[in-house]
Amino acid sequence: MIMSDQGTMLEGGGRNPIEIIQELYPSLSKSQKKISDVLLQKRDIAVFLSIQELCELADVTPATVLRFSRVLGYSGYAGLKKSLQAHHHNKMYPLQFRPASASGRTGASDLQSYLGRLIKEEMNLLASTYQELDIQTLLEAADLLCRAKKIYLAGFGLVLWAVKIFEHRLTALQRDSTVLTFENYSLLPSILESAVPEDVFVLFTFPNYLSTIKGIAQCAQVKGCKIICITDRPSAPVAAYAEKLLLCKADGGAHSLSVTAAASLVNILAIAMSAQLDASALHHENMAAMMAEYGTPVSYWQEGSEFH
């Protein structure tokens with residue numbers, strides 16, 4: 001291990017873990033090479049795998065993964081995974097700005113100017129998105145979602161925040177939805193197998209485009225499901241599979257990727273859905289009245305009540 005600038009120990013010598021694996025590959029055991037193959041060939045998902053999922057994909061035991069991690073210079077799989085995630089993040093979102101505390105050369109006026117430009121960039125992303133938005137396509141996408149038996153949402157990394165916002169809106173609209181994430185990746189084949197033609201997939205995909213999303217799109221197409229793609233350009237790999245394509249700007253300038261427009265767009269899409277749904281389906285005064293008996297979560301803490 002080596003020391004970081006802050007005096008903390010860096011596992012793996014602070015090096016790129018992918019380069020370490022490639023360098024040591026010829027000297028690794030057969031089992032360790034199987035782990036390496038998973039990490040090298042499935043880089044878009046490997047950084048999110050639990051040790052159990054990695055063992056399943058590589059057909060090895062947890063003890064083998066632990067020994068492999070130590071061969072690379074890490075104390076365990078947790079250290080290796082953290083290093084892989086850091087490398088993945090730096091590759092996708094390279095740091096282009098350092099505040100004064102980091103560089104010692106950037107003054108307060110520079111920071112203020114930088115933030116001002118960043119705010120303008122975010123405003124421009126929203127303006128450009130809605131200026132170019134095809135309202136008819138939006139309404140048709142909302143109609144598909146209103147008629148869907150079940151809605152599957154897929155998006156990874158930073159885009160997952162927009163996905164979760166949309167999931168919340170769908171729950172409020174009493175739509176049955178499931179989010180496909182790396183946390184349930186090992187269950188993905190079973191989840192996709194249960195899809196029926198009446199279901200709709202909403203796929204969020206932005207640079208760097210993950211091949212996993214394309215795989216989900218192909219499976220959804222085979223199952224006869226409708227696909228709505230929310231992405232930044234018509235040439236995105238998954239766009240060709242989409243029944244409805246909703247474009248929104250995502251070039252975050254200094255931070256490479258922005259999900260501001262995507263988060264806003266799903267709010268508008270949910271509003272379009274609510275306008276099309278039967279109003280009676282959205283009335284839940286009885287449930288609200290029943291829950292009102294128990295107050296609010298805050299009142300429990302204030303009053304010291306116990307839940308029975």
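Figure 1. Glu243 is partly exposed, with a relative accessible area of 42%. Here buried means under 20% relative accessible area, exposed means over 50%, and partly exposed lies in between (1.4 Å probe, protein chains only). This is a predicted model, in which local features need pLDDT of at least 70, side-chain atom pairs count only at pLDDT 80 or more, and totals for chains, interfaces and linings use all residues. Residues are numbered from 1 along each chain as its sequence is written, and side-chain values use heavy atoms, with hydrogens and water left out. Glu243 pairs with Lys226 in a salt bridge, with 3.9 Å between the closest N and O atoms. A salt bridge is a side-chain nitrogen of Lys or Arg within 4 Å of a carboxyl oxygen of Asp or Glu. Glu243 sits in the loop between E6 and E7, and Lys226 sits in strand E6, so the pair ties together parts 17 residues apart in sequence. Helices (H or I, at least four residues) and strands (E, at least two) are DSSP runs, numbered from the N terminus. Lys226 is partly exposed too, at 33% relative accessibility.

**Figure 2. The salt bridge between Glu140 and Lys244.** The two side chains meet at 2.6 Å, N to O. The pair links distant parts of the chain. Glu140 belongs to helix H9 (residues 135–147), Lys244 to strand E7 (residues 244–247), and 104 residues separate them. Glu140 is partly exposed, with a relative accessible area of 29%. Lys244 is buried, at 17%.

**Figure 3. The salt bridge between Glu193 and Lys223.** The closest N and O atoms of Glu193 and Lys223 are 3.6 Å apart. Glu193 lies in helix H11 (residues 188–193), while Lys223 lies in the loop between helix H12 (211–222) and strand E6 (226–231); the pair therefore ties together parts that are 30 residues apart in sequence. Glu193 is exposed, with a relative accessible area of 55%. Lys223 is partly exposed, at 24% relative accessibility. The count of salt bridges comes to 8.

**Figure 4. The surroundings of Thr231.** Thr231 is in strand E6. Thr231 is buried, with a relative accessible area of 0%. A polar atom of the Thr231 side chain lies 2.6 Å from the backbone oxygen of Thr205. The side chains of Thr231 and Asp232 are joined by a polar contact of 3.2 Å. A polar contact is a pair of N or O atoms within 3.5 Å; within protein, one must be able to donate a hydrogen and the other to accept it, and residues adjacent in sequence count only if both atoms are side-chain atoms. Not counting residues up to four places away in sequence, Thr231 touches Thr205, Phe206, Tyr209, Ala236, Leu245, Leu246, Leu247 and Cys248. Contact means heavy atoms within 4.5 Å.

**Figure 5. The surroundings of Cys229.** Strand E6 also holds Cys229. Cys229 is buried, with a relative accessible area of 0%. Leu203 is 26 residues from Cys229 in sequence, yet their C-alpha atoms are 4.9 Å apart in space. With neighbours within four places in sequence left aside, the contacts of Cys229 include Leu203, Thr205, Val238 and Ala239. Ala242, Lys244, Leu245 and Leu246 are also among them.

**Figure 6. Helix H1 and its buried face.** Helix H1 spans residues 17–24. Pro17, Ile18, Ile20 and Ile21 are buried there. Seen down the axis of H1, the buried residues fall within an arc of 160°, so they line one face of the helix. The arc is that of the directions from the helix axis to the C-beta atoms. At the start of H1, a side-chain oxygen of Asn16 comes within 2.8 Å of the backbone nitrogen of Ile18.

**Figure 7. A nonpolar surface patch.** Tyr130, Ile268 and Ile271 form the patch, with about 250 Å² of accessible area together. Patches are made of residues with over 30% relative accessible area and no salt bridge; like charges are joined within 9 Å, nonpolar side chains (Val, Leu, Ile, Met, Phe, Trp, Tyr) within 5 Å. Accessible areas come from the Shrake-Rupley method with a 1.4 Å probe; for residues, only the protein chains shown count as cover. Ile268 lies in helix H13 (residues 260–276). Ile268 counts as partly exposed, at 32% relative accessibility.
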